[in-house]
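Colleague: I have a model open and would like to walk through it with you. Could we start with a single residue and then widen the view?

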Amino acid sequence: MSTRAASRWRAATVAFLAGLALLGLPQAAHADTVVTRSPSSTIELSAATAAPGQTVTFTLTINNNTGTAKKEDLSASFDLGVTGIFDEPGGCTVLTGPTPRDCGIFTSEDDGDGQKQFVDINCRGACSIPANSSLKVAITTTVANGAAPGIHTLTPREVVAGGAFTPGTFTFTVSGQADLAVGLAATAGIGTITYAQTTHNNGPLTATSGTVTSTLPSQTTAVTGLPGNCSYNSTAKTVACTLTNLGSGSTQTNTFTANLNLLSIGSLPASATRTTSSPTDPNTANDTATANCSALLGLIVTC
């Protein structure tokens with residue numbers, strides 16, 4: 001094949017594929033991962049794990065694989081098991097096909113088994129999916145602040161398009177949270193400042209790991225009395241302290257002393273900041289604390 005013929009062939013192929021997109025045939029959601037599918041539907045998920053307050057997108061596709069337009073009994077939905085996992089109703093964006101009658105996250109009526117949350121797109125009586133085409137929507141929502149941590153089983157149901165078919169279940173994990181609040185107190189000595197750096201876990205879960213880094217005054221020459229879980233970086237003038245399995249409601253205190261240059265004069269600012277922790281810390285407003293001292297002369301320090 002000549003170079004010119006090959007070029008024309010590539011151009012024709014691109015045009016053909018673009019035509020398919022315009023016809024509304026199913027397109028891949030590149031940012032999402034397919035979690036389950038059947039001949040009549042596909043469910044994609046932007047993230048299989050998220051913490052309260054984070055955004056998640058469900059992409060649902062209903063395929064009309066018949067030779068005629070379908071107006072009835074066209075829906076794709078799945079149970080979320082319990083209420084309160086996601087904020088309702090969730091933003092709904094039609095990616096391909098007609099606008100459905102219902103689209104979003106809803107709560108079922110209490111039928112004796114308790115209320116349940118479910119994701120649903122429903123085209124019954126309200127729209128018509130053309131023959132051999134698809135209805136595809138993206139439902140974007142936020143993991144609710146009160147969502148229970150753990151693995152939740154999502155069960156597709158009533159997936160109908162040219163015949164009932166229920167694909168397998170899939171899971172979504174709500175990651176836990178531990179809100180760590182950092183404190184820093186300073187006590188003046190003769191040419192020294194003793195710091196008490198505290199980390200309090202507001203919960204609700206145990207903080208399995210974390211690091212709080214204290215930045216000391218630039219006039220610091222050495223640090224003494226370091227706990228075993230803390231280390232001093234003499235170049236950066238920082239003390240990094242780790243924590244392990246700090247339970248909800250518990251506080252860890254790290255005390256150490258900064259020795260100052262005898263020529264120190266003026267402000268002696270210090271700060272402590274949570275730099276890492278697990279599980280997710282939902283509140284950054286209490287992650288940093290400061291303490292300010294000053295030196296009249298190297299040996300005369302006030303805090």
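**Working through the model**

Modeller: Let me begin with Asn63, which is buried, with a relative accessible area of 10%; buried means under 20% relative accessible area, exposed over 50%, and partly exposed in between, with a 1.4 Å probe and protein chains only. Keep in mind that this is a predicted model, in which local features need pLDDT of at least 70 and side-chain atom pairs count only at pLDDT 80 or more, whereas totals for chains, interfaces and linings use all residues. Residues are numbered from 1 along each chain as its sequence is written, and side-chain values use heavy atoms, with hydrogens and water left out.

Colleague: Where is the place of Asn63, and which side chain does a polar contact join to Asn63?

Modeller: Asn63 sits in strand 4, which covers residues 55-64; helices (H or I, at least four residues) and strands (E, at least two) are DSSP runs, numbered from the N terminus. The side chain of Asn63 makes a polar contact of 2.9 Å with the side chain of Ser134. A polar contact is a pair of N or O atoms within 3.5 Å; within protein, one must be able to donate a hydrogen and the other to accept it, and residues adjacent in sequence count only if both atoms are side-chain atoms.

Colleague: Widening out, how many helices and strands does the protein have?

Modeller: There is one helix, and there are 21 strands. Of the 303 residues in the protein, 41% are buried, and among contacts between residues at least 6 apart in sequence, 70% join residues at least 24 apart, where contact means heavy atoms within 4.5 Å.

Colleague: Which residues touch the most other members of the largest nonpolar core?

Modeller: Those are Phe58, Leu60, Phe78, Phe86, Ile121 and Phe172, in a core of 29 residues. A nonpolar core is a set of buried Ala, Val, Leu, Ile, Met, Phe, Trp, Tyr and Cys residues joined through side-chain atoms within 4.5 Å. Several strands each supply at least two residues of this core, including strand 2 (41-45), strand 5 (75-79) and strand 9 (133-142). The largest share, four residues, comes from strand 4. Another core of 21 residues lies apart from it, and Tyr195, Phe256, Leu268 and Ala289 are among its members.

Colleague: On to charges: how many salt bridges does the count come to?

Modeller: The count comes to four salt bridges, a salt bridge being a side-chain nitrogen of Lys or Arg within 4 Å of a carboxyl oxygen of Asp or Glu. One of them joins the side chains of Lys136 and Glu44, at 3.9 Å from N to O. Lys136 lies in strand 9 and Glu44 in strand 2, so this pair ties together parts that are 92 residues apart in sequence. Both Lys136 and Glu44 are buried.

Colleague: And which residues are linked in a network of salt bridges?

Modeller: The network links Arg274, Asp281 and Asp287. The side chain of Arg274 meets that of Asp281 at 3.1 Å, N to O, and the side chains of Asp287 and Arg274 meet at 2.8 Å, N to O. For the latter pair, Asp287 is in the loop between strand 19 (266-278) and strand 20 (288-297), while Arg274 is in strand 19, 13 residues apart. Arg274 and Asp281 are buried, and Asp287 is buried as well.

Colleague: Changing topic, is Thr220 buried or exposed, and what does Thr220 touch?

Modeller: Thr220, in strand 15 (residues 220-224), is buried, with a relative accessible area of 1%. A polar atom of its side chain lies 2.8 Å from the backbone oxygen of Pro217. Not counting residues up to four places away in sequence, Thr220 touches Tyr232, Lys237, Ala258, Asn259 and Leu260.

Colleague: What about Pro149, and where is its place?

Modeller: Pro149 is in the loop between strand 9 and strand 10 (150-160), and Pro149 is partly exposed, with a relative accessible area of 45%. The C-alpha atoms of Pro149 and Ser175 are separated by 5.4 Å, although these residues are 26 apart along the chain. Leaving aside neighbours within four places in sequence, Pro149 is in contact with Val174, Ser175, Gly176 and Leu205.

Colleague: Last one: where does Ile190 lie, and does Ile190 count as buried or exposed?

Modeller: Ile190 lies in the loop between strand 12 (178-188) and strand 13 (192-204), and at 69% relative accessibility Ile190 counts as exposed.
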